[in-house]
Amino acid sequence: MTSYVRALYEFSGEPGTSEISISVGDVLQVTRTDVGEGWWEGKHTKTGCVGLFPAAYVEVMSAAEGKEHQQPQVAQSISDSHHNAARYDSAPDDYNEGDDWEDDWDDDDTYSAIGPGGINSKIPEKQLSLSTSNYDNRNLPATPSDDNSLPASLAGNNNTSTLKKSSMFGKSSDSFILGLGNKDRLPDNEMVKIVPYENFYQWQTNEGQTYSVIVASPKKESKFKGMKTFIAYQLTPSFNNISVSRRYKHFDWLHERLVDKFCLIPIPPLPDKQISGRYEEQFVEHRRVQLQEFVDWVCRHPVLSKCEVWYHFLTCTDEKVWKMGKRKAERDTYVGITYCWAISPPEKQLLQSYVDSQMDTCSQFIHSMDISVRNLLTISNEMAKRFQSQSKKEFQRIGDGFSDLSKSLAVDERRAPLGNKSLAESVSKVGEIFCLIGQQFGEQPKLDWIPFSDRLHIYRWKF
């Protein structure tokens, strides 16, 4: 069932982008929710324009309200379905030939939930939670059917109840829970073991099979005769030394596949997305460093480092083979809870009381770790910003003050020279020293706070 949303706040789309401008009270038909962190795609019911808008700026409408806007589109949807039915049924393979991963609008433009007033815009927490509480929300749930027996208060307040968190135990997990899966179909390279180590258990390590991957040489490239530009990074694995070119959206696709497949393994986030300044040298280099952190983490993991989709991402150089492998990964049936068929637990039977205590301890650790990492990340970002702006400006201001004083003294010294000793020159050098101190303050975060922040970013997992 089609879902509709109503704009709670005014939003002005940036010219030249895929963003759409909305006003308070506008109604939009949601077409996609997997655009990025906090952004959805929708069609304006009045103007017919299709574009991106912040999910935190809208509320989901009830079935009764959405039905009023859906009626005029019934005839058109039926006509479209008859028009497309023959094409899908007669040539199912041709439907995927276009490869939706290569959509024209889907470039390296990256978005974050930034309001009209910048990152510090005051948005009610109730609305902000819709875009940030569920990173893995790929499809907007259908609006519940219209039920006249529901109280009016519930029918008009479906903006939170209809957005349910995804769960690893969904319909696709029935076969695993009922033991109907076929474990023998799994390839050997996908099988993993949990082994005892001293007083605890861990994934079996890949002894003698460790490797590294270098992310380097970011380069601005283009296609469609220069109409579309992007930044490509060269990835070189140590096991074959053959470089492959990957864009940020390829990393985004890989991240989505890993999150889908490994429900029991927290996947670290990619670098934050950004709307403007994507081609600035400083931003490109910083993103390369963050991607290197992500790649290093995956290479060190005993399970992720040997999964098929990761090897396909690292080694495939042929365009046709890339698309075939991509579609194979997207059609993988052993994802989420069904991937547990690939896990071989230890033969030793564990006491339920021991398992419960370990689970409780792990839950407490995750909660405490999440709070600590986010707190430190906030502190490191604030310190880096303070060093690069406030502290730098303060010392440069002191230096400028001494510089002005030296110029005044120089006027008096020209009237009455003091020989080889010049007070103006001495004061001028003091001013230069303070200016240099300010520059060092501005450069220092690149050596400590920013790398520390990048490392903390890896541990901002979404459980």
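Author: Cys49 counts as partly exposed because its relative accessibility is 39%, where buried means under 20% relative accessible area, exposed over 50% and partly exposed in between (1.4 Å probe, protein chains only). This is a predicted model, in which local features need pLDDT of at least 70 and side-chain atom pairs count only at pLDDT 80 or more, while totals for chains, interfaces and linings use all residues. Residues are numbered from 1 along each chain as its sequence is written, and side-chain values use heavy atoms, with hydrogens and water left out.

Reader: And Cys316, buried or exposed?

Author: Cys316 counts as buried, because its relative accessibility is 9%.

Reader: How many disulfides turn up?

Author: Zero, from a search of the whole structure, taking a disulfide as a pair of cysteine sulfur atoms within 2.5 Å.

Reader: Switching to Val192, where does that sit?

Author: Val192 lies in strand E6, residues 192-197 (strands are DSSP runs of E, at least two residues, numbered from the N terminus), and with 4% relative accessibility Val192 counts as buried.

Reader: What does Val192 touch?

Author: Leaving out residues up to four places away in sequence, Val192 touches Trp203, Val303, Lys306, Tyr339, Ala342, Ile343 and Ser344, contact meaning heavy atoms within 4.5 Å.

Reader: How far apart are Val192 and Val303?

Author: They are 111 residues apart in sequence, and their C-alpha atoms are 6.9 Å apart in space.

Key
Helices (H or I, at least four residues) and strands (E, at least two) are DSSP runs, numbered from the N terminus.
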